[in-house]
Amino acid sequence: MNPKILVIGACGQIGTELTLALRKLYGRDQVIASDIKEGSGTLMSSGPFETLNAMDKLAVEACVEKHRVSDVYLLAAMLSATSEKFPQKAWELNMSTLSHILELARDKKIQKVFWPSSIAVFGDTTPKENTPQTTIKEPTTVYGITKLSGERWCEYFYKKYDVDVRSLRYPGLISWKANPGGGTTDYAVEIYYKAISDGKYTSFLQKGTLLPMLYMDDAIRATIKLMQAPKEQIRIRSSYNLGGISIAPENIEASIQKHLPDFKVVYQPDFRQAIADSWPEGMNDSKATEDWGWQHRFELDDITQEMLTNLKVKLSEKVE
Ligand code: AKB
């Protein structure tokens, strides 16, 4: 039987594409999109939508009951850069929303939970290259602290209450349908917009800042694959490392120059540099490969091709 799904935070960068993909797979009415505010026209016209404050536990529970939801994808969160500006708010939002959903699952009101973690669980003391699944985790950002705490909660609820919660440590995600907001890896999306609109980009991360990244199509495929895998295959209940490619701003610049030879990046690092410097350069995601067959598909030049092609159409439609 198809699951009845609630996507919380459906209008964000991941939520928009995940909701559309889940609707394609399971049918439009099987997937309830929810967010505190409405999303893009494409998302809003693709199926049912509920305005929902994920911090309001009673409202979330009422929505679950109303739609007889079986699976929740909880994507509402404050990302790394914004969290540094509002640390207390970040803690409250990121932790209370997870806690509400885990409690609903413990009380058997929902059957399955997806919750995203991040490469931000790692910190300065973590080995940077090919970062292993299990290693030192001493995050220095409040966002990373919320993600690491969340991972411990997920594993605890699985072990203690048999809650079927599944999670991925997303790297930076590159996409064109919906904008990211408030993250440190956002530069890797902005750079493509600016390449088309201005022919130059001022990067808030320094040349040489290697970070793990993934194209959104790969991230969505990983998420759905993880959620569809038989329960016994999910041997990690904190969160799986998810890698992809490892790139710095000048790598994207060079890739864009293959299409737009005059494109230039200048560097003006800001407070986000320290955040990026505390994160891994590349991830070892072999556990995800072993347990449920994960493999990324998009390399940097494939991503550039997709981004430039789709953004050119999107930006020209906005102008008209
Ligand atoms: C961020 O930059 O905050 C996020 C993340 C890596 O979790 N994209």
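Colleague: How do the residues of the shell around the ligand divide into nonpolar, polar and charged?
Modeller: In this predicted model, the shell around the ligand holds four nonpolar residues, five polar ones and no charged ones.

Colleague: Which residues surround the ligand?
Modeller: The surrounding residues are Leu-79, Ser-80, Ser-118, Ile-119, Tyr-143, Gly-183, Thr-184, Thr-185 and Trp-279.

Colleague: What lies 2.7 Å from an oxygen atom of the ligand?
Modeller: A backbone N or O atom of Thr-184 lies at that distance from a ligand oxygen. In the side chain of Ser-118, an N or O atom is also 2.7 Å from an oxygen atom of the ligand.

Colleague: And which side chain has an N or O atom 2.9 Å from a nitrogen atom of the ligand?
Modeller: That is the side chain of Thr-185.

Colleague: How much of the ligand does the protein bury?
Modeller: The ligand taken alone exposes 260 Å², and the protein buries 93% of that area.

Colleague: Which pocket is the space taken by the ligand?
Modeller: The ligand takes the space of the largest pocket.

Colleague: Changing topic, what does the domain assignment of the chain give?
Modeller: The assignment gives domain 1, residues 5-169, and domain 2, which is made of 173-213 + 244-319.

Colleague: How far apart do the C-alpha centres of domain 1 and domain 2 lie?
Modeller: Those centres are 23 Å apart.

Colleague: How many residues of each are in contact?
Modeller: In domain 1, 28 residues are in contact with 27 residues of domain 2.

Colleague: Back to the ligand: from which domains does the shell draw at least three residues?
Modeller: Domain 1 and domain 2 each contribute at least three residues to the shell around the ligand.

Conventions. Residues are numbered from 1 along each chain as its sequence is written. This is a predicted model: local features need pLDDT of at least 70, side-chain atom pairs count only at pLDDT 80 or more; totals for chains, interfaces and linings use all residues. Side-chain values use heavy atoms; hydrogens and water are left out. A residue is near a molecule or strand if one of its heavy atoms lies within 4 Å of it. A polar contact is a pair of N or O atoms within 3.5 Å; within protein, one must be able to donate a hydrogen and the other to accept it, and residues adjacent in sequence count only if both atoms are side-chain atoms. Accessible areas come from the Shrake-Rupley method with a 1.4 Å probe; for residues, only the protein chains shown count as cover. On a 1 Å grid over the protein atoms alone, a cavity is a set of points where a 1.4 Å probe fits but cannot get out, and a pocket is an open set with protein on both sides within 12 Å along at least five of seven lines; lining residues have an atom within 4 Å of a point. A molecule sits in a cavity or pocket if more than half of its atoms lie within 2 Å of its grid points. Ala, Val, Leu, Ile, Met, Phe, Trp, Tyr, Cys and Pro count as nonpolar, Asp, Glu, Lys and Arg as charged, and the others, Gly among them, as polar. Domain bounds come from an automatic or database domain assignment. Contact means heavy atoms within 4.5 Å.
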